[in-house]
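Please open the structure in a viewer and keep the sequence beside it.

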Amino acid sequence: GIQIKLCGFGLSEPFINNNSTKWKCNRYCGKTQYWSPEIQLRKPDFDAKSNDIFCLGVCFFMIIMGNAPWNSAAKNDRAFLYIMTGRIKSLLSQWNKLSFVNDEILQLFNGFFRYEY
């Protein structure tokens, strides 16, 4: 089968160990369409691992759908609101792109696109 590997070195921050408090970061970079809501809001620090997973979701969405999921990861972006409130299926239906995905892909999208807690 086909195997795709994605990597990005935008932050390239060394983290010392697996302690969850050690994954905090405060550097903001990258293209705005890939920014997580926490970066969009310029939180004083954010979870770098969660942010990487969110950005990977954006990449995966673009590969599958052929376009970005939203213009900005902000509550004033209609597509972002649909996705973050679990209504991605409805959004894709409106875009006439529901045939591009199956239930497993929808589950992956829902796993990628979550707020940091």
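## A first stop on helix 4

Lysine 89 has a relative accessible area of 46%, so this residue counts as partly exposed. The model on the screen is a predicted one. Lysine 89 belongs to helix 4. Leaving out residues up to four places away in sequence, lysine 89 touches Leu98, Asp103 and Leu106.

## The whole chain

Now display the whole protein as a cartoon. How many helices and strands does the secondary structure of the protein come to? There are 5 helices and 2 strands. Followed from the N terminus, the elements run β-α-β-α-α-α-α. Of the 117 residues in the protein, 35% are buried. Among contacts with a separation of 6 or more, 47% are between residues 24 or more positions apart.

## Helix 2

Select residues 48-65, which form helix 2. Helix 2 has 18 residues, and the distance from its first C-alpha to its last is 25 Å, close to the 26 Å expected at 1.5 Å a residue.

Inspect both ends of this helix. At the start of helix 2, a side-chain oxygen of aspartate 47 comes to within 2.9 Å of the backbone nitrogen of lysine 49. Just after helix 2, glycine 66 has a positive phi of about 85 degrees.

Next, colour the buried residues of helix 2: Ala48, Asn51, Phe54, Cys55, Gly57, Val58, Phe61 and Met65. An α-helix has 3.6 residues a turn, so residues three or four places apart point the same way. Which elements cover the buried residues of helix 2? The cover includes strand 1 (24-25), helix 1 (37-40), strand 2 (46-47), helix 3, helix 4 and helix 5.

## The nonpolar cores

Show the side chains of Phe61, Trp70, Phe109 and Phe113. In the largest nonpolar core, which has 20 residues, these four touch the most other members. Helix 2, helix 3 (78-84), helix 4 (88-94) and helix 5 (103-112) each supply at least two residues of this core. Which helix gives the most to this core? Helix 3 does, with 5 residues. In soluble globular proteins, nonpolar side chains tend to be buried together.

Centre the view on phenylalanine 113. Not counting residues up to four places away in sequence, phenylalanine 113 touches Phe54, Gly57, Val58, Phe61, Pro69, Trp70, Ile83 and Met84. Then select Cys25, Ile39, Phe46 and Ala48, which are included in a second, separate core of 5 residues.

Move to serine 36, in the loop between strand 1 and helix 1. Is serine 36 buried or exposed? Its relative accessibility is 1%, and serine 36 therefore counts as buried. The side chains of serine 36 and asparagine 51 are joined by a polar contact of 2.7 Å. Apart from residues up to four places away in sequence, serine 36 touches Asn51, Phe54 and Ala73.

The last of these names leads to the next selection. Alanine 73 is in the loop between helix 2 and helix 3. Because its relative accessible area is 3%, alanine 73 is buried. Excluding neighbours within four places in sequence, alanine 73 is in contact with Trp35, Ser36, Pro37, Gln40 and Phe80. Select tyrosine 34 too: it lies 39 residues from alanine 73 along the chain, yet their C-alpha atoms are separated by 7.9 Å.

## The loop between helix 4 and helix 5

Finish with two residues of one loop. Asparagine 96 lies between helix 4 and helix 5. The phi of asparagine 96 is near 60 degrees, a positive value in a residue other than glycine. With a relative accessible area of 67%, asparagine 96 is exposed.

Lysine 97 is also in the loop between helix 4 and helix 5. To complete the view, select Met65, Asn67 and Leu92, which lysine 97 touches when residues up to four places away in sequence are not counted.

Note on methods. Residues are numbered from 1 along each chain as its sequence is written. This is a predicted model: local features need pLDDT of at least 70, side-chain atom pairs count only at pLDDT 80 or more; totals for chains, interfaces and linings use all residues. Side-chain values use heavy atoms; hydrogens and water are left out. A nonpolar core is a set of buried Ala, Val, Leu, Ile, Met, Phe, Trp, Tyr and Cys residues joined through side-chain atoms within 4.5 Å. Buried means under 20% relative accessible area, exposed over 50%, partly exposed in between (1.4 Å probe, protein chains only). Helices (H or I, at least four residues) and strands (E, at least two) are DSSP runs, numbered from the N terminus. Contact means heavy atoms within 4.5 Å. The expected span of a helix is 1.5 Å times one less than its number of residues. A polar contact is a pair of N or O atoms within 3.5 Å; within protein, one must be able to donate a hydrogen and the other to accept it, and residues adjacent in sequence count only if both atoms are side-chain atoms.
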